[in-house]
Structure formats: structure tokens, C-alpha cells
Amino acid sequence: MMKTIAIIATGGTIAGQGSASNYKAGEIDVNSIIESIPRINELANLHLISLCQKDSNDMSEKDWLDLRNLCYALGNDESVDGIVITHGTDSFEETAYFLNLTLDIDKPVVMTGAMRPATATSADGPMNLYEAVALACDEQAKDAGILAVFSDTIYSGRDITKTNSIKTDAFKMGEFGTLGYMRDEKVYLQNMPYRLHTYQSEFAKKDYQILPKVGIYYVHACCDPELLSWMLDCYDGVVLAGSGSGNYPKTTQDVINAYMGKAKIVRSSRILEGAVFDSEVFDPLNKTIPAYRLSPHKARILLMVALANGYDDQALQRVFEYY
Ligand code: SIN
């Protein structure tokens, strides 16, 4: 029997109009995109939902929560077998990680997008969407957390990172490779995500209304320590996008050492590969929490979600180690 897949459109270049180098994201409705894809209706019964038509740079925390609620409702709808989400590529990995942490679902959820707009010569969106629907129909995609498909490659929502600003093969998972690949509608999964996700996540049962305010402080030569002081005064949490393995200048360390307020400080790195651990050299007073492998913008999401659950320093240390 044919499966039913809900496709939730949120905008992005996959729904963009214009040429490959000059276009506006989120202009074309999901029905028109589907009409442009030969044989996609042979894969599954498609239930099309347009949630928003946004450039993903404009996705707000409210949009994340609306998307989570919609996916949750579809997860509980017996007539739906899987979910595909179309999304802009710029903030793709942030939405993917937010859903991976907070969505209580065990049905396949596959995200995709495009680097060339729907109207460009050789648009990549139609094939990405075709393969995303095929993956969402596959039993192997269950229990895998949020998945993503781009350029015939399967990624995990936790580790996917945009690494190229113009090419269609724009995503990677760094030194962790990929989860597998697609050949048209055939799925070749090779690895499974190990970190806790979706229905396994302790963050998936809570009803979030608003999320705490967390900002990212970018470390660079001569970075302004007053900006960090200001952020610590204004935010519930600050993620340091440190150099190397979460490092920073002495002037930054002085601000951290002197800080006595309530905001939580997470140390991550602006470097794409490797990890950040506890550091007696950079944080001798143990005032920060290491982000391990998470990029600054993903560490920000985990910190927001953990703070929304009222977690203290010890609990934060634990979740950064396990999620
Ligand atoms: C966006 O993120 O919405 C625009 C860029 C893209 O989708 O590639």
C-alpha cells in the first residue's frame, strides 16, 4: 500500500524565483514545486502543507515552535507515515537540531532544500525533494531522528553543517562522514546517529512557549571584552565561539573570571572540526561549560532548550556531553 507523506513547506531557495545567482527565496508555492517533479506522486500520497514562505534567515523561534507543533500533530495522525520539511539552507542546521532535540516523534522526518531556485537552470530542489520523500517512505528512516537529504547524500539533523555558500553540494558532517546516500528512490543508509534524539530526548516532552535569550560572542583578534560583559548582563546565556578548542584572549578570560551573575557561559569553537573540552588553562575557575562537537549556533540551541527546562550547571555539563 502506498504511504502518505506530509510535506511541510517553509520557503527557502527551493521555493525561490529568479536565476541561480539572483533570486528571492520563498516565492513559489509547494504545489507548483511538486508539479515540476516527474514521478514524485508515484512514491507516496502527498499531503502538502504550506507553513510559511520565508527566507530561512527570517525563521524565528516562534516559527521553530510552530513547526515542532505541526510535526508533532502529524506524528500523532495515523494517516501520516512520514514527514518531509522543505527549508532554506542558510539556517537549515539550526531548525534541524532544534527539532532533533525537541520533537517527540518516531516516524521518519526528512528535511531538504536547494541551493538553486526553482526557476534556475538545473535547479537542484526537485531531485532533493524527490529523494527526501523516498527516504521518508523507507522503514530504515524510522528511529533515526531528524534526517536531511542533499545531493544524493543522507545527513543527520544533529551534525549537518552548511560548508559551501554557492555549490549544490553545500552540506557536510565534517570528519563524521555521512549517514548514507540515495540513488533516485533507493535508500542506502550506512550509519545511524548515536546521540539522543527526538522521542529519546529529555527535551521532547515539554511544551515550550518562549525560549530563553542566548547570544553568541565571536572571538577574534582584539575582540571587545565590553561586548561580552554587555551580553552577560542582557542574556540568559552566552555561547563563546572561541578560537582553537574554545580559546580566547586574556581580556575575555578576565570578564569571565570576574562575572558573578546568572547567565550561563558555554565554550564552543569557531573551528569546523575537532572538539572543545574543559580547560584549566582558559577556564581555571570552572565558569564555562564545554560544547564538545557542537558549533556555536547549535550550542546556542541546546543551551536555550536546557535553560527553558531550568537546568543548573551540573545538568548543563551532562547534556552538552550527551546531546
Ligand atoms: C534561505 O536560507 O532561505 C536562502 C538560501 C537557501 O535556501 O539556499
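**Exercise 1. Overall fold**

How many helices and strands does the secondary structure of the protein chain comprise?

*Solution.* The model is predicted: local features need pLDDT of at least 70, side-chain atom pairs count only at pLDDT 80 or more, and totals for chains, interfaces and linings use all residues. Residues are numbered from 1 along each chain as its sequence is written, and side-chain values use heavy atoms, with hydrogens and water left out.

Step 1. Helices (H or I, at least four residues) and strands (E, at least two) are DSSP runs, numbered from the N terminus. The protein chain has 8 helices and 16 strands.

Step 2. The radius of gyration is taken over C-alpha atoms, and the globule rule is 2.2 Å times the number of residues to the power 0.38. For 323 residues the rule gives a value near 20 Å for a compact globule, and the protein chain agrees, with 20 Å. Its C-alpha atoms fill a box of roughly 60 × 40 × 35 Å along the principal axes.

Step 3. Buried means under 20% relative accessible area, exposed over 50%, and partly exposed in between (1.4 Å probe, protein chains only). Of the 323 residues, 53% count as buried.

Step 4. Contact means heavy atoms within 4.5 Å. Among contacts between residues at least 6 apart in sequence, 71% join residues at least 24 apart.

**Exercise 2. The ligand site**

Determine which residues surround the ligand and which polar contacts its oxygen atoms make.

*Solution.* Step 1. A residue is near a molecule or strand if one of its heavy atoms lies within 4 Å of it. The ligand is surrounded by Gly12, Thr13, Tyr23, Ala25, Asp55, Ser56, Gly88, Thr89, Asp90 and Ala114.

Step 2. Ala, Val, Leu, Ile, Met, Phe, Trp, Tyr, Cys and Pro count as nonpolar, Asp, Glu, Lys and Arg as charged, and the others, Gly among them, as polar. The shell accordingly divides into 3 nonpolar, 5 polar and 2 charged residues.

Step 3. A polar contact is a pair of N or O atoms within 3.5 Å; within protein, one must be able to donate a hydrogen and the other to accept it, and residues adjacent in sequence count only if both atoms are side-chain atoms. A ligand oxygen lies 2.8 Å from a side-chain N or O atom of threonine 13. For threonine 89, a polar side-chain atom is 2.4 Å from a ligand oxygen. Aspartate 90 contributes a polar backbone atom at 2.9 Å from an oxygen of the ligand. Taken alone, the ligand exposes 250 Å², of which the protein buries 95% (Shrake-Rupley method, 1.4 Å probe; for residues, only the protein chains shown count as cover).

**Exercise 3. Serine 56**

Is serine 56 buried or exposed?

*Solution.* Step 1. Serine 56 occupies the loop between strand 4 (45-54) and helix 2 (61-75).

Step 2. Its relative accessible area is 4%, so serine 56 is buried.

Step 3. Not counting residues up to four places away in sequence, serine 56 touches His87, Gly88, Thr89, Asp90, Ser91 and Phe92.

**Exercise 4. Positive phi angles**

Locate arginine 39 and aspartate 184 and describe their phi angles.

*Solution.* Step 1. Most residues other than glycine have a negative phi.

Step 2. Arginine 39 has a positive phi of about 70°. This residue sits in the loop between helix 1 and strand 4 and is partly exposed, at 44% relative accessible area.

Step 3. Aspartate 184 has a positive phi near 55°. It belongs to the loop between strand 11 (180-183) and strand 12 (186-189), and its 37% relative accessible area makes it partly exposed.
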